[in-house]
Amino acid sequence: MESDMSVIEKCAEIVDGAALGAFEIPQLTQSADITLEQAYAVQKASVERRFARGETLLGVKMGFTSRAKAIQMGVDDLIYGKLTTGMFVEDGGAINLSDYVHPRCEPELAFLLNKPLEGKVGMMEAYAAVEAVAPAIEIIDSRYEKFKFSLIDVVADNSSSSGFVLGNWRTKPEDPSNLGMILSFDGRPVQIGSTAAVMGNPVRSLVAAARMLATVGERLEAGQVVMTGGATAAEALSAGISVTAELEGLGRVGFRVEPD
Amino acid sequence: MSDDKTLISRLADRLFEAENTNTPCAPLRSEFAPDNLALAYAIQEHNVKRGQAAGRRVIGRKIGLTSKTVQRQLKVDQPDFGTIFADMVVGDGEEISFSRVLQAKVEAEIALVLKSDLDMEQPTVADIISATAYALPAIEVVGSRITDWDITITDTIADNASSGLIILGDTPKSLSEIDMRLCGMVMESGGDVVSVGAGVACMGSPLNAAVWIAYAMKKLGQPLRAGDILMTGALGPMVNVKPGACYDARISGLGSVRAVFGSE
């Protein structure tokens, strides 16, 4: 019988290898019998492999925060993943599909923190810790075949984190709970929504991030970015397109996908 | 021609009957060509005239099928319109009997109230902006007199664009205070988010829908007039109404409005 540690290390090696090499893998849960708690341990071990390659931590992303997303993926619980320097894409930059398996993107509101948040915090306290907000696009890319997974699988795979693009940081609005959002491909809207789709108010996603991290003895730090979660269903990326997200009152952010 | 007249009045009667007896009827589409929108509008007009003859006051128009998703579902590439009577307007938070609208659904919209006539040829978005007195947050209660909402474009046009009631908020705003394209919309019921969207979902901007109706009404020789209310079209997906439920819609920059339904 394998020790708990070696199972987690082995799973981390599999998901990290798939992310690094941009190839599909079968769901971990088809061969490994792991719990949700162990899945977060796999996630942590896989992110540590990134650190070992010289990446550093930039923040946290929240997932399954909108009903549209939860329905699209067939799950019903919040998840988090870690954002590292290797995932950062400059506003106006370009990505190459060959670095991904089957990437999708979604428009989000991003928070920049100016103080730590740990454990059980209220919405007012959480929003008071927000220094600035930005329009953002998350590029999600499950390493699993056909983008199909269980909650445990996706958590182990760093919650499908693979890229994120941030627009300019802006002064936070008094109320971020209903900002209109448009995701456009080549100037044509493909997803339309509001930050309200994120748990009724994206500040709740920040509150959840602090609470969930505390269960593994971690906290959000000043200077970190929190991607609050997709406000619409995710759209598959294809070669040669130009992607833009606009948020009401916050301007826009975008990137290109290089042609084949 | 007289055959058409008989057909129009017969089909208009079917819809009128359905409304009055609170019993949905069969679709109309098998009775005439699927691309004969003019005939479908003539059926609508027949019932509008019937309403006016009974003393009902026309106060504006609603624009329907303004979202790309709904246009795709009905395989059309243009919106449609319906007619609003004064007795279809409900105040913010006033209780609505659940049985008042057949197969009711709700959607949040921006209502525009005109301060001048739009009787120029080929109106533009600038004409709309100049002619708008103020915008209001609004909820449209749509309904269908056709069984199970089994509609095509001609069915819904004939059925007054599936109109039911409109609930107007009471916070008038100037167009310069609203980002018509990016304004967020959220509708909540019982503490749950039930629909979200933004201005762009309505033909790219609710003002584009207003241009379309101004153009269409001018062409029909019934130009929009000062005081008319335009319900510009849904900003997010429609929601099925449940008895006893309250639907609270917020439109960023515009305020909020509530549709409250009785249990019967």
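Author: In this predicted model, the buried residues of helix α6 of chain A are Pro202(A), Val203(A), Ser205(A), Leu206(A), Val207(A), Ala209(A) and Ala210(A). An α-helix has 3.6 residues a turn, so residues three or four places apart point the same way. What covers these buried residues of α6(A) includes the strands β1 (57-63), β2 (79-84), β5 (104-113) and β10 (225-227) of chain A, together with the helix α4 (123-128) of chain A. As for its length, α6(A) holds 13 residues, 202-214, and at 1.5 Å a residue these should span 18 Å; the C-alpha atoms at its ends are 19 Å apart, which agrees.

The helix belongs to a chain in which there are 6 helices and 13 strands. The radius of gyration of chain A is 17 Å, close to the 18 Å that the globule rule gives for 260 residues, so chain A is as compact as a globular protein of that length. Along the principal axes, the C-alpha atoms of chain A fill a box of roughly 55 × 45 × 35 Å. Of the 260 residues in chain A, 50% are buried. When one takes the contacts in chain A between residues at least 6 apart in sequence, 77% of them join residues at least 24 apart.

Turning to chain B, one finds an open sheet of 5 strands in the order β4-β13-β12-β8-β9, with mixed pairing. At the edges of this sheet stand β4 (95-96) and β9 (192-198) of chain B, each with a single partner strand, so one side of each is left without a neighbour in the sheet. Strands of a sheet pair through backbone hydrogen bonds, either parallel or antiparallel. In the case of β4(B) and β13 (residues 255-261) of chain B, the two strands run parallel and are joined by 2 bridges. Within β13(B), Val260(B) is the bridge partner of Glu95(B).

Definitions and conventions:
Residues numbered from 1 in each chain as written. Chains lettered and ligands numbered in written order. Predicted model: local features only at pLDDT ≥ 70, side-chain atom pairs only at ≥ 80, totals over all residues. Helix = DSSP H or I, 4+ residues; strand = E, 2+ residues; numbered from the N terminus. Rg over C-alpha atoms; globule rule 2.2 N^0.38 Å. Buried ≥ 20, exposed ≤ 12 C-beta atoms within 10 Å, placed from the backbone. Contact = placed C-beta atoms within 7 Å. Expected span 1.5 Å × (residues − 1). Pairing = 2+ DSSP bridges.
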